[in-house]
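Trainee: I'd like a close look at one part of this model, with the rest of the chain as background. Could you walk me through it?

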Amino acid sequence: MPAVTPKSLTTCLRRLERNGVIERLVVSTDPVAIEYRITDLGRSLESPLQAMLRWVVDHLDAVEAARSDYDERRTRSEQTPLMS
């Protein structure tokens with residue numbers, strides 16, 4: 001998995017904050033620190049995300065087989081010369 005850049009992390013956190021999923025808190029320390037907390041709205045995502053995770057676990061073999069089939073078809077089509 002590619003590294004997450006600080007800019008992409010900041011963009012994602014701002015989007016989550018704007019959508020009410022997390023809240024950003026400035027902590028008065030030296031140096032100043034930033035804390036993020038999940039909101040009640042964010043917590044309401046737990047059940048749908050758990051269901052999605054269960055689906056992934058239950059269907060992982062089929063998804064991997066579909067990926068392999070797709071990759072194999074793409075490889076074959078890239079190796080097949082074009083007919084004139």
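Is leucine 49 buried, exposed or partly exposed, and what is its relative accessible area?

Mentor: Keep in mind that this is a predicted model. Leucine 49 comes out as partly exposed, because its relative accessible area is 49%, and the cut-offs put buried under 20% and exposed over 50%. As for its place in the chain, leucine 49 lies in helix α3, which covers residues 46–79.

Leu49 belongs to a nonpolar surface patch of about 560 Å², made together with Leu45, Met52, Trp55, Val56 and Leu60. Getting into a patch like that takes over 30% relative accessible area, and leucine 49 has 49%.

Leucine 45 is another member of the patch, so let's stop there for a moment. Leucine 45 lies in the loop between α2 (40–43) and α3. Its label is also partly exposed, since its relative accessible area is 36%.

Strand β1 takes in residues 22–27 and strand β2 residues 33–38, and they pair in the antiparallel sense over six bridges. The link from β1 to β2 is a hairpin that runs through five residues. If you want a landmark on this pair, find arginine 24, which stands opposite tyrosine 36 in β2. As background for reading side chains here, in a regular strand they alternate between the two faces of the sheet.

Now zoom out. The protein chain has three helices and two strands, and along the sequence they follow the pattern α-β-β-α-α. The chain is more spread out than a compact globule, because its radius of gyration is 22 Å, well over the 12 Å that the globule rule gives for 84 residues. You can see that in the C-alpha trace too, which spans about 70 × 30 × 20 Å along its principal axes.

Just how many residues count as buried? The figure is 6% of the 84 residues. Among contacts with a separation of 6 or more, residues 24 or more positions apart account for 3%. The protein chain exposes about 7,900 Å², and 58% of that is supplied by carbon and sulfur atoms. So that's the setting for the patch of about 560 Å² that includes Leu49.

How values were computed: Residues numbered from 1 in each chain as written. Predicted model: local features only at pLDDT ≥ 70, side-chain atom pairs only at ≥ 80, totals over all residues. Heavy atoms only, no water. Patch = residues over 30% accessible without salt bridge, like charges linked within 9 Å, V, L, I, M, F, W, Y side chains within 5 Å. Areas by Shrake-Rupley, 256 points an atom, 1.4 Å probe, with all protein chains shown as cover. Salt bridge = Lys/Arg side-chain N within 4 Å of Asp/Glu carboxyl O. Helix = DSSP H or I, 4+ residues; strand = E, 2+ residues; numbered from the N terminus. Buried < 20%, exposed > 50% of the residue type's maximum accessible area, 1.4 Å probe, protein only. Pairing = 2+ DSSP bridges. Rg over C-alpha atoms; globule rule 2.2 N^0.38 Å. Contact = heavy atoms within 4.5 Å.
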